[in-house]
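This report describes the fold of one protein chain for a reader who has its sequence and model at hand. Please look through both before reading on.

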Amino acid sequence: MKKIFLLVALIATTFTHLLFAQDTKSTALTPLLASYYDIKDALVKSNSADAAAHSGEFLKAVNGVDMKSLPAADMTAFMALQEKLAFDARHVSESKDIAHQREHFANFSANFFKLAKAVKLTDKPVYFAYCPMKKSYWLSAEAGIKNPYFGSQMLTCGNVTETLNK
Ligand SMILES: [Cu+2]
């Protein structure tokens with residue numbers, strides 16, 4: 001009887017550990033990364049309508065984050081950046097001018113990288129790339145350079161300066 005009890009306790013403990021392990025992989029902030037990449041990809045294609053639409057989605061997501069679900073450290077990091085991220089996302093979402101969208105995307109990316117460094121948004125690598133022409137950064141899921149500031153005009157201009165989750 002004692003053995004069975006121990007076995008049950010062991011299984012329960014293992015199960016809890018598995019659950020927690022999964023929790024650390026994604027947070028309420030994880031969807032923001034996918035949304036950020038959608039905006040970036042639209043700018044790589046110089047598609048201002050898509051960039052605006054995806055920024056609208058980002059804006060909704062960033063304003064809808066359930067703060068109470070976040071660990072204290074993540075919440076602190078997020079709260080310092082939420083308004084800044086929302087500000088630039090709103091401007092991109094309301095604009096049809098790709099140059100104007102790219103201006104905001106530079107600031108947006110700098111703030112989003114601060115978030116990605118402070119909060120583990122994914123287990124996959126996040127590449128932080130720099131465009132010397134625009135003097136601005138962006139985040140990418142791939143190491144290969146596809147420049148969102150110039151698109152096809154200068155698609156491979158830039159280099160990765162930092163990698164998260166290497
Ligand atoms: Cu603006």
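Predicted model: local features only at pLDDT ≥ 70, side-chain atom pairs only at ≥ 80, totals over all residues.

## Checking a helix by its length

## Overall architecture

The protein contains five helices and three strands. Along the sequence these elements follow the order α-α-α-α-α-β-β-β.

Of the 166 residues in the protein, 29% are buried.

Which residues of α3 are buried? They are A51, A52, H54, S55, F58, L59 and V62. An α-helix has 3.6 residues a turn, so residues three or four places apart point the same way. The buried residues of α3 pack against α2 (30-44), α4 (72-94) and α5 (98-118).

In soluble globular proteins, nonpolar side chains tend to be buried together. The largest nonpolar core of this model holds 29 residues, and those with the most contacts inside it are Y36, I39, F58, A89, F112 and L139. Two or more residues of this core come from each of α2, α3, α4, α5, β1 (126-131) and β2 (136-140). Helix α2 gives the most, with seven residues. Apart from its neighbours within four places in sequence, I39 is in contact with A51, H54, S55, F58 and V92.

## The pairing of α4 and α5

Two packed helices are described by the angle between their axes and the distance between the axes. The axes of α4 and α5 come within 9 Å and cross at roughly 160 degrees. Angles over 145 degrees count as roughly antiparallel, and α4 and α5 are therefore roughly antiparallel to each other.

The crossing of α4 past α5 is left-handed. Residues of α4 that make the contact include F78, L81, L85 and A89, while those of α5 include F105, F108, F112 and L115.

## Two residues with positive phi

K135 is not a glycine, yet its phi is positive, near 55 degrees. This residue lies in the loop between β1 and β2. K135 counts as exposed because it has 9 C-beta neighbours inside 10 Å.

N165, also not a glycine, has a positive phi of about 55 degrees. N165 belongs to the segment after β3 (159-164). Is N165 buried or exposed? With 12 C-beta neighbours inside 10 Å, N165 counts as exposed.

Technical notes
Residues numbered from 1 in each chain as written. Buried ≥ 20, exposed ≤ 12 C-beta atoms within 10 Å, placed from the backbone. Helix = DSSP H or I, 4+ residues; strand = E, 2+ residues; numbered from the N terminus. Contact = placed C-beta atoms within 7 Å. Core = buried A, V, L, I, M, F, W, Y, C linked by C-beta atoms within 7 Å. Axes fitted to C-alpha atoms, helices over the stretch in contact; angles between N-to-C directions. Parallel < 35°, antiparallel > 145°, perpendicular 65-115°, else oblique. Left-handed = near helix turned anticlockwise from the far one by under 90°.
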